[in-house]
Amino acid sequence: MGRFFRWTAALLLLAAMGGAAMVGTGAVTVPPRYDPWAPLDIGDVPNLLTRLKLSRLEGAPRQCHAVLGDTGLRFTPVTDRQTGEGCGLVDAVQVSRSAVVFNGGFTVTCPLAAAWMLFETHTLQPAARRHFGQRVARVRHLGSYACRNVYGRAEGRRSEHATANALDIAGFTLADGTTIALPGDWTPADGRKGAFLREVRDGACEVFRAVLGPDYNEAHRDHFHLDMGPYRVCR
């Protein structure tokens with residue numbers, strides 16, 4: 001029985017590789033959102049290929065800028081520079097606003113900006129409409145770039161903030177002026193605001209590689225930490 005399953009798995013893998021090769025050579029045509037070689041389209045509902053397409057934006061600023069250019073995000077490319085040991089900016093953009101107004105501009109890596117637009121389009125605004133019947137108009141952040149170690153410790157590895165590969169979000173304002181903020185609205189969990197924040201957190205986990213919030217530790221009780229670093233954490 002074990003041999004049967006091993007052979008079945010091998011045949012399925014070969015079939016998948018053959019299908020991918022046929023798509024790649026143009027022998028088979030599939031919709032762009034299901035084509036692993038097609039560029040990321042922020043308007044497409046995220047699927048199993050979204051993370052792959054996001055990862056291909058790393059080290060490809062021209063392609064990343066093209067992806068962002070179709071979203072309505074207002075951004076300016078930032079010159080690469082090192083600002084300290086293990087700190088600096090590479091393929092970063094200065095974001096001024098999107099469909100929402102931010103409490104201030106911020107600098108993030110271009111792939112993180114793309115992930116934000118996926119999150120804003122497919123998680124944040126739909127969640128606001130489901131829970132409150134209106135859109136999010138403003139987003140309050142606590143910053144993105146800071147040349148420091150994790151938790152600001154004197155020793156240890158650099159934070160994702162040290163390369164502008166992270167963004168901290170503290171709250172939202174709806175179109176009617178209603179505010180939803182951490183940590184005050186995290187509880188009760190069954191209240192509308194608490195349920196909204198949890199849906200936002202869970203949806204962010206589908207796009208960003210790490211999402212840390214009040215359930216993670218005391219240091220993140222007042223914000224959601226979103227990053228595109230190497231560690232996969234969602235809590």
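What span should the 23 residues of helix 4 have, and how far apart are its end C-alpha atoms? In this predicted model, select residues 110–132, which form helix 4. At 1.5 Å a residue the helix should span 33 Å, and its end C-alpha atoms lie 31 Å apart, which agrees.

Next, centre the view on Glu-120, where helix 4 bends by about 40 degrees. Move on to Gly-133, which follows helix 4 and has a positive phi, near 70 degrees.

Of its 23 residues, 19 are buried, so the helix is largely enclosed by the rest of the structure.

Select Thr-123, which lies in helix 4. Because its relative accessibility is 10%, and buried means under 20%, Thr-123 counts as buried. Leaving aside residues up to four places away in sequence, Thr-123 touches Leu-118, Glu-199, Val-200, Gly-203 and Ala-204.

Then select the largest nonpolar core, a set of 47 residues in which Trp-116, Phe-196 and Phe-208 touch the most other members. Elements that each supply at least two residues of this core include helix 3 (61–69), strand 5 (101–109), strand 7 (166–174) and helix 5 (192–204). Helix 4 provides the largest share, 13 residues.

Finish at Trp-116. Which residues does Trp-116 touch, not counting those up to four places away in sequence? They are Ser-98, Phe-102, Leu-124, Val-139, Leu-167, Ile-169, Phe-208 and Leu-226.

Methods:
Residues numbered from 1 in each chain as written. Predicted model: local features only at pLDDT ≥ 70, side-chain atom pairs only at ≥ 80, totals over all residues. Heavy atoms only, no water. Core = buried A, V, L, I, M, F, W, Y, C linked by side-chain atoms within 4.5 Å. Buried < 20%, exposed > 50% of the residue type's maximum accessible area, 1.4 Å probe, protein only. Helix = DSSP H or I, 4+ residues; strand = E, 2+ residues; numbered from the N terminus. Contact = heavy atoms within 4.5 Å. Expected span 1.5 Å × (residues − 1). Bend = angle between axes of the 7 residues up to and from the residue.
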